[in-house]
Amino acid sequence: DMLETLSKGFRAARERLTGVAELTEDNIESALRDVRMALLEADVALPVVRQFLARVKEKAIGQSVQLRAKAEVPTGTEGKAGEKALKSLEVSPEYHFIRICQEELTALMGNAEGGPTEIGWAKKGPTVFMMVGLQGSGKTTTSGKLARWLHKIHKRKPLLVAADTYRPAAVQQLQVLGEQLGITVFTIPGKSPPEICDEAYRFAYTKGYEAVILDTAGRLAIDEPLMRELEDIRGRVKPHEVFLVVDAMIGQDAVNTAKTFHERIHTTGFVLTKLDGDARGGAALSIREVTGQPVRFLGMG
């Protein structure tokens, strides 16, 4: 899987640096080649790989120069600074390099200061979650899982909204899920998706539901009518969270999909599904870099 591919690459990079006295441009280059291969094998988009490696290289060389300068501080009045610097030099160069890679990966995934990973709860009334994505990405199943998570973990009363009026059996699929989970499913036959979402919010507000999950329509590919419809729903209901549901199996295509959805619908994060399949998962790193939005959930099964 993705993590094993990345782990192998970082292990190779670490081994390449084992025994070197300090990080230099030459030995960093050879270690970066291992990391580059690992990221590309994990299906991370090439521009994202290049940006990531440039940040790691800059940081690694910068820290190496700083450490050398500190170690050269004369003893005497600044003796403590020199001792401290020499102690920090005892940490091996390969550890420094791997730690920098780890910090950059963490920042890339949105768990540092790169965007919210906590739910943006509504100050008043129900919190609205709008689920968007292409057909077959796992939106409906993810909507059910999210409802169960909100109910079990956060003790909130969720309402599932079947707003996909195009795909045969989409409403039925959500109703079956709702029945299995013991969660109410709202829909109105004959109404348009924006109208259904609008009325669902009013219903949730008056009936004391604390979360509303909008399971919107998808398409096999992005088209203008779908985007306009989603913009209409977003404008009417003003969701607190817009989650893009992406199938981890689609690899590089996920980047363009995420970019378009984010530019048009202003997503607040994404859910990567089917990670238990034959997915390399590098799409997660690519989407994070391209949209600036963090991975909020991972879907298995």
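Q: How many bridges join strand S1 to S5?
A: This is a predicted model, in which local features need pLDDT of at least 70, side-chain atom pairs count only at pLDDT 80 or more, and totals for chains, interfaces and linings use all residues. Residues are numbered from 1 along each chain as its sequence is written, and side-chain values use heavy atoms, with hydrogens and water left out. Four bridges join S1 (residues 127–132) to S5, and the two run parallel. Strands are DSSP runs of E of at least two residues and helices runs of H or I of at least four, numbered from the N terminus; two strands pair if DSSP finds at least two bridges between them.

Q: Which residue stands opposite Phe243 there?
A: Methionine 131 does.

Q: And what about S6?
A: S6 (residues 269–273) runs parallel to S5, joined by five bridges. Within S6, threonine 273 is the bridge partner of aspartate 247.

Q: Are the faces of S5 covered or uncovered?
A: Both are covered: Glu241, Phe243, Val245 and Asp247 are buried on one side, and Val242, Leu244 and Val246 on the other. Buried means under 20% relative accessible area, exposed over 50% and partly exposed in between (1.4 Å probe, protein chains only).

Q: Changing topic, which residues of H7 are buried?
A: Ala170, Leu174, Leu177 and Gly178 are buried. Seen down the axis of H7, they fall within an arc of 100°, so they line one face of the helix; the arc is that of the directions from the helix axis to the C-beta atoms.

Q: What does the face turned away carry?
A: That face of H7 carries the exposed residues Gln172, Glu179 and Gln180.
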